[in-house]
Amino acid sequence: MTAIRVEGLRKRYPRFELQDVSFEVPRGGIVGLIGENGAGKTTTIKAIVGAIRADAGKIEIYGRDGAKHGKDLKQDIAVVTEESFFHEEFAAKDVAHVMRRLYARWDDALYRQYLDRFHLPPDKRIKELSKGMRMKLAIATALAHRPKLLILDEPTSGLDPVVRSEILDVFFDFIQDEEHAILFSSHITTDLEKIADYIVFIHGGRVVLSRPKDELLEQYGIMKCGLDEFPKVDAADYAGFRRYGFGCEMLVRDRQAMRRKYPHLTIDPASIEDIMLYYARGGQA
Ligand SMILES: Nc1ncnc2c1ncn2[C@@H]1O[C@H](COP(=O)(O)OP(=O)(O)OP(=O)(O)O)[C@@H](O)[C@H]1O
């Protein structure tokens, strides 16, 4: 049974449409949702957590219909977005009072452990905390109600590498329980490269790529050639290209096959960022 199954999700806004978005988050897995600004990541996450009503599509969470079981699922899901902070006058210890009443599995001892781990003072008011500290508090709060599923919208954006790495470590520990799962959106492709098992890439409201991360890193490549050679490369062999100075670089989906077909051209491995940039810049899935 998967943790989240999204099928044929549609949402139309006056100048944007999420079209037939489908993907899965397996139990024990971390799925990274990537895409440029305005691609539809937040809209997708909002539809999954029931913050907006989709026009069409199906969302299942641990096998149950997300639309029908919203209330009981609340205990199992933790959602962290930039907006999910408490009142500015609250201190971390006040947050615990509120959460204790809302969540049946709220765990004070675990909460204190996370506050310690993240070096968060229990008495300091939220308005006195830095952006990174607020995000860590939101994550500590989310995890202390012992959810099965963690959904985060841009949890590491705007944070320094030390804080980002602390947060990624906590995600990694959380996922050790095979029942647990994480869906998180990010522009920071290096964070996803470190921790995600699957990458779902949304571009212009559509999923253009949904694959295990290791497969992408093993198979995709950047193939280079001179401007004169570029017209000889079959357009079906690349997903996007870039011209520069005297040459061209193309994103190819299968490094090995391309090495056989174009043995005289150089092909380097592609990063997740390369894959995102080339798809966004032009080319078909
Ligand atoms: N309530 C709304 N009414 C109208 N349009 C909206 C609404 N919410 C989002 N949109 C539009 O939907 C598109 C997708 O927005 P969304 O927030 O899902 O993108 P995103 O991928 O999360 O981007 P970012 O990385 O900038 O957060 C944008 O063009 C946005 O303007």
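Tutor: Two residues count as in contact if their C-beta atoms, placed from the backbone, lie within 7 Å; with that cut-off in hand, we can turn to this predicted model.

Student: How far does the predictor trust the model, and which elements have the lowest and the highest mean pLDDT?

Tutor: Where pLDDT is low, the predicted coordinates should not be read in detail. Here the mean pLDDT of the protein is 91, with 96% of its residues at 70 or more, and the complex receives an ipTM of 0.96 and a pTM of 0.91 from the predictor. Among the elements, helix H2 (residues 70–73) has the lowest mean, 70, whereas strand S14 (residues 266–269) has the highest, 97.

Student: Which residues of helix H3 are buried, and on which side of H3 do they lie?

Tutor: An α-helix has 3.6 residues a turn, so residues three or four places apart point the same way. In helix H3 (residues 92–102), Ala 92, Val 95 and Ala 96 are the buried residues; because they cover an arc of only 105° around the axis, they fall on the same side of H3. His 97 and Arg 101, on the other side of H3, are exposed. Helix H4 (108–117) and helix H5 (131–144) are among what covers the buried residues of H3.

Student: What surrounds the ligand, and which element gives the most to that shell?

Tutor: The residues around the ligand include Tyr 13, Pro 14, Phe 16, Asn 37, Lys 41, Thr 42 and Thr 43. Helix H1 (residues 41–48) gives the most to this shell, contributing three residues, and by class the shell comprises four nonpolar, six polar and one charged residues.

Terms used
Residues numbered from 1 in each chain as written. Predicted model: local features only at pLDDT ≥ 70, side-chain atom pairs only at ≥ 80, totals over all residues. pLDDT = per-residue confidence, 0-100. Helix = DSSP H or I, 4+ residues; strand = E, 2+ residues; numbered from the N terminus. Near = placed C-beta within 6 Å. Nonpolar A, V, L, I, M, F, W, Y, C, P; charged D, E, K, R; others polar. Buried ≥ 20, exposed ≤ 12 C-beta atoms within 10 Å, placed from the backbone. Arc of directions from axis to C-beta.
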